Amino acid sequence: TRTQIRVLYLLSEGLTNKQIAVECEVTESTVKGHVTAILKKLRAYSRTHVVVSMSKFGTETILGNNTV
């Protein structure tokens, strides 16, 4: 979803769940749900794995044609 893409972008910027929640104006548990969904979709085992993959393969490869 667009929200998950935004969360993914903020995650890659190094923000914590709490900071992402403030930025997106949602609860921290909502962010945790989005992060869990992102990890499943990308078959990643951690937040760090997602960020490293984005660095290694490029944001466009990870996100496709979606934008933040």
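Mentor: Let's start with the side chain of Ser-53, which has a polar atom 2.9 Å from the backbone oxygen of His-49. That pair is a polar contact, meaning N or O atoms within 3.5 Å; within protein, one must be able to donate a hydrogen and the other to accept it, and residues adjacent in sequence count only if both atoms are side-chain atoms. Ser-53 sits in helix H4, residues 47-57. Helices here are DSSP runs of H or I with at least four residues, strands are E runs of at least two, and both are numbered from the N terminus. With a relative accessible area of 14%, Ser-53 is buried. For that word the cut-off is under 20% relative accessible area, while exposed is over 50% and partly exposed lies in between, using a 1.4 Å probe and protein chains only.

Before going further, please keep in mind that this is a predicted model: local features need pLDDT of at least 70, side-chain atom pairs count only at pLDDT 80 or more, and totals for chains, interfaces and linings use all residues. Residues are numbered from 1 along each chain as its sequence is written, and side-chain values use heavy atoms, with hydrogens and water left out.

Helix H4 also holds Val-50, which is buried at 2% relative accessibility. Leaving aside neighbours within four places in sequence, Val-50 is in contact (heavy atoms within 4.5 Å) with Leu-8, Leu-11, Leu-39, Leu-42 and Ala-44. For Leu-11, which is 39 residues away along the chain, the C-alpha separation from Val-50 is 8.7 Å.

Those partners bring us to H1. Both Leu-8 and Leu-11 are among the buried residues of H1, together with Gln-4, Ile-5, Val-7 and Leu-10. An α-helix has 3.6 residues a turn, so residues three or four places apart point the same way.

H1 (residues 2-12) packs on H3 (residues 28-42) at an angle of about 90°, with the two axes 10 Å apart. Axes are lines fitted to C-alpha atoms, for helices over the stretch in contact, and angles run from 0 to 180 degrees between N-to-C directions. H1 and H3 are therefore roughly perpendicular to each other; that label covers 65 to 115 degrees, whereas under 35 counts as roughly parallel, over 145 as roughly antiparallel, and the rest as oblique. On the H1 side, Thr-3, Gln-4, Val-7 and Leu-8 take part, and they meet Val-31, His-34, Val-35, Ala-37, Ile-38, Lys-41 and Leu-42 in H3. By class, the residues of this contact are seven nonpolar, three polar and one charged. In that scheme Ala, Val, Leu, Ile, Met, Phe, Trp, Tyr, Cys and Pro are nonpolar, Asp, Glu, Lys and Arg are charged, and the others, Gly among them, are polar.

His-34 belongs to helix H3 and counts as buried at 17% relative accessibility. Not counting residues up to four places away in sequence, His-34 touches Thr-3, Gln-4 and Val-7.

H1 also takes part in a charged pairing. The side chains of Arg-6 and Glu-23 form a salt bridge at 3.3 Å, N to O; the rule asks for a side-chain nitrogen of Lys or Arg within 4 Å of a carboxyl oxygen of Asp or Glu. Arg-6 lies in H1 and Glu-23 in helix H2 (residues 17-24), so the bridge ties together parts 17 residues apart in sequence. Arg-6 is partly exposed at 31% relative accessible area, and Glu-23 is partly exposed at 43%. By this rule the count is one salt bridge.

Now for the turns between helices. Just after H1, Gly-14 takes a positive phi of about 90°. Most residues other than glycine have a negative phi, and most peptide bonds are trans. Glu-25, although not a glycine, has a positive phi of about 60°; Glu-25 is in the loop between H2 and H3 and is exposed at 74%. Arg-43, also not a glycine, has a positive phi of about 55°. Its place is the loop between H3 and H4, where Arg-43 is exposed at 75% relative accessibility.

Stepping back, the protein has five helices and zero strands, and buried residues make up 29% of its 68 residues.
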